[in-house]
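This briefing covers the pockets of one protein model and the residues that line them.

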Amino acid sequence: GRGCIGRCSFCSPTNGRFRARGLEHIFEEMEYLNSKYEFANFAFMNEVFLSDDETIYKFCEEYKKFKPFKIWHCLMRLDANPDILPVMRDAGCTLMNVGVESGSDRVLQNIKKDITTENTRRFIPAAKKSGIITQASFMLANYDENAEDIRKTIDLMIDLKISGGPVLLAINYPGTLN
């Protein structure tokens with residue numbers, strides 16, 4: 001797909017819009033790639049894996065039938081339903097990256113992330129429990145962020161024992177709200 005359902009102030013100008021590809025097209029492309037190349041896994045790298053639970057369930061059911069079976073990785077939003085994670089793991093998802101961005105609810109609100117630290121505290125343990133390795137991306141120097149906000153981010157990383165993704169300075173790209 002293209003875009004994202006989020007409206008984060010730092011992200012590409014496609015904020016709030018997600019144009020999904022049909023599952024049949026995704027599987028056709030996967031079949032083509034399998035016929036041409038040898039590789040160990042698929043990585044779905046759009047800003048959001050799929051936009052709703054029903055589509056994720058359908059994808060996972062079809063993926064389990066796909067031959068040859070290969071593990072896969074994706075990017076997920078933290079406001080996704082954690083109940084979907086065991087289904088994804090059962091279908092071969094072994095790794096995902098999530099955009100935590102900050103451990104401060106004030107900063108998350110400022111950057112229009114549309115999640116809270118509670119989403120993170122619910123999602124990350126659920127992903128770990130399901131057996132999916134979870135990498136988390138963080139940003140520092142967001143609009144109006146202060147030392148206390150940064151401490152909250154570091155504390156969240158320590159509390160949840162999460163890392164693996166990038167920790168980057170916020171960058172203001174043309175066309176974004178930032």
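In the lining counts below, Ala, Val, Leu, Ile, Met, Phe, Trp, Tyr, Cys and Pro count as nonpolar, Asp, Glu, Lys and Arg as charged, and the others, Gly among them, as polar. The model is predicted: local features need pLDDT of at least 70, side-chain atom pairs count only at pLDDT 80 or more, and totals for chains, interfaces and linings use all residues. Residues are numbered from 1 along each chain as its sequence is written, and side-chain values use heavy atoms, with hydrogens and water left out.

**Second largest pocket**

- The residues lining the second largest pocket comprise 12 nonpolar, 2 polar and 3 charged; a pocket is an open set of points on a 1 Å grid over the protein atoms alone, where a 1.4 Å probe fits, with protein on both sides within 12 Å along at least five of seven lines, and lining residues have an atom within 4 Å of a point.
- Of its 17 lining residues, G1, R21, E29, F44 and N46 lie nearest the centre.
- Two or more lining residues come from each of α1 (23–36) and β3 (41–44) (helices are DSSP runs of H or I, at least four residues, and strands of E, at least two, numbered from the N terminus).
- α1 gives the most to this lining, with 4 residues.
- The second largest pocket holds about 330 Å³ of space (the space filled by probe spheres set on the points, which are joined across faces, edges and corners).

**Largest pocket**

- The volume of the largest pocket is about 700 Å³.
- Its lining has 32 residues, with F10, C11, E101, S137 and M139 nearest the centre.
- At least two lining residues come from each of β4 (71–76), β5 (93–101), β6 (133–140) and β7 (163–169).
- β5 supplies the largest share of this lining, 4 residues.
- The lining of the largest pocket consists of 20 nonpolar, 7 polar and 5 charged residues.
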